[in-house]
Amino acid sequence: MSETDEQAENLPEDTETEEGTTDYATETTSYLDEEEESVKSIYDQANFISGPKVSQDSSLGLDLLEFDFSFGYDYLKYFNLTVLDETTVVFSSGNFIQFLNVETKEITLRRSALGGGIGHIRKNGNPEFPYFAVAECGDNPIIILYVWPTLEIVCVLKGGASKTYANLDFNPDGDLLVSQSGDPDYLITVWDWQHHTILLRTKSYVNDVYRVKFSPYVAGQITTCGLAHIKFWKMASTFTGLKLKGELGRFGKTEYSDIVGVLPMPDAKVVSGCSWGNILVWDDGLITFEVFRSLRRKCHEAPIVQFYYLEGELWTISMDGHVKVWWFEKIDQADPPDDDRVILVDPTYDFYTPGVKLMSIEKRNSRDSGDTFWYAQDGNGGIWLIDLNTEDEPKPSQQLYKCHGGKVTGLAACPYGNYIATLGELGTLYLYNYITKDRVLDYTFPAPGICLIWLPQEIDLTGEILLAAFGDGQIRVICLHIPDINSGEDSIILHVPQTIKPHSKPVTTMSVNSKGTILVSASEDSTIFVFKVDVHSNQSLLIPIGFFPTTDIVSCITWHHELVRIY
């Protein structure tokens, strides 16, 4: 047994108050009393939008900068895509809630209430409650329930976390909400959100919890999972009140694994994924067996992040881009030998979208059984509409939204027009028109992007030359021709006239002097390389001068304001 599992199993049992809640709930007694008195109060939306902040003694004004738009998407966050209606999805990006109309491609934004970021967004699945919950992050974060589409606030919940929320879920009836907080407390909290009260609260685990999920079939059954663990919870009525009891899953002979995807089944068993892509079937806190494909091939080539159970079929969604359908009765009735708790089953359907890293999917219209389209969160940067039709030939997947896959490592403004260029760690170069808010060009290089410079017109009169540094030690000269609106030209033209490899390891930074005559680059190979910049040359813009070693890796280069000297 691992150290973390020993710590989790040694956690104290929940103690109950006279009201029947766990002892953790007593911390928020004063808050709950206040909320009980104002359950029917109306919240002013304007009071739940964060603004800029400055330090206590700062001389900067709050109106120094004004936010305009966001081109981002935190696509690597688990389950960061929620369907609000057939044409609208919502996701978080930093401190903003972003609403995307998939038909018009229009994006609208709303700031978080506290300014500390967004933990998770979850819609209430009961049509009687047209609400979605937003769990925020920050000091003593809150959960806000909004009405869709008016965005009126119907409920504000406090006391479920000290810093961050990781995940939310509504029960099938929609009258209960469960939240899972992150570091440092890792609390699981069951809310009666209509009365703004905490029913149960206790420590879930001693490490990161990725998912908390109500059983769609068994009332009061909850499952949490995350870093090297899974835990099974039951809301039980005792003679002293309601109690939340948790049992840590025991892996037995199976290797310990991080678990993201989990689904409680109708017979109270639980299916989960694992790091190596197989299906694990749990019963009474133990792994009953592990599912492989025939010839002991893995079910998926990457972790399973989601499960759905539809009319006897188990659907698995994986980061390998596959959605597979399995006949669950064949899995459920299997009885492998005690010395080899493995069964071999092949999927009946296999849907694949090339180049997509599925992080979550949600059905476009959950109340229309004939609608086979699902919205998908792509971990490589974007949102897709995929057809999972098991009766007819599925239609090709369609990308609805695209953004950088990985970190944005470089940004440069066009010296003459309403454009910005961004470079990503996956080698993608995007060009945006920040007035029309459109992405007008995307190009992918074969190496991770590190930094980007757009030469000013004082150096290059055309304003068409960019310098990009990459993780393969190369620097590429990029010519980007953006036609004038009155020129009659239609498309933007990108070409790379020069590629040079001055370093044996990734470039860390580069800088051009104010006169535009010298370029200096640094690298993880602990060298600095110096180039002459000749924008009038017909052959090479960058002409090597020489290099010299450094005692350590250089991360920043700046120039003397008068002398041709770097620091």
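Select Tyr186 to begin: this residue takes a positive phi near 55° in the hairpin of strand 10 and strand 11, which has five residues between the strands. Strands here are DSSP runs of E, at least two residues long, numbered from the N terminus.

The model is predicted, so local features need pLDDT of at least 70 and side-chain atom pairs count only at pLDDT 80 or more, while totals for chains, interfaces and linings use all residues. Residues are numbered from 1 along each chain as its sequence is written, and side-chain values use heavy atoms, with hydrogens and water left out.

**Stop 1: strand 10 and strand 11**

Select residues 177–181, which form strand 10. Strand 10 pairs with strand 11 in the antiparallel sense over four bridges. Pairing requires that DSSP finds at least two bridges between two strands. Find Leu177 and look across to Trp191, its bridge partner in strand 11.

**Stop 2: strand 11 itself**

Now select residues 187–192. Six of the six residues of strand 11 are buried, so this strand is largely enclosed by the rest of the structure. Buried means under 20% relative accessible area, with a 1.4 Å probe and protein chains only. In a regular strand the side chains alternate between the two faces of the sheet. Here Leu187, Thr189 and Trp191 point one way. Ile188, Val190 and Asp192 point the other way.

**Stop 3: on to strand 12**

Select residues 197–203 for strand 12. Strand 11 and strand 12 run antiparallel, joined by six bridges. Asp192 has Thr197 as its bridge partner in strand 12. The hairpin of these two strands has four residues between them, and His196 takes a positive phi near 60° there.

**Stop 4: the largest pocket**

Select Tyr308, Leu310, Lys363, Ser366 and Trp374, which lie nearest the centre of the largest pocket among its 45 lining residues. A pocket is an open set of points on a 1 Å grid over the protein atoms alone, with protein on both sides within 12 Å along at least five of seven lines; lining residues have an atom within 4 Å of a point. The volume is about 1,600 Å³, meaning the space filled by probe spheres set on the points, which are joined across faces, edges and corners. Strand 21 gives the most to this lining, with five residues.

**Stop 5: the largest cavity**

Finish at Phe79, His120, Arg122, Arg211 and Glu362, the closest to the centre of the largest cavity among its 13 lining residues. In a cavity, a 1.4 Å probe fits but cannot get out. The volume of the largest cavity is about 80 Å³.

Methods: Buried means under 20% relative accessible area, exposed over 50%, partly exposed in between (1.4 Å probe, protein chains only).
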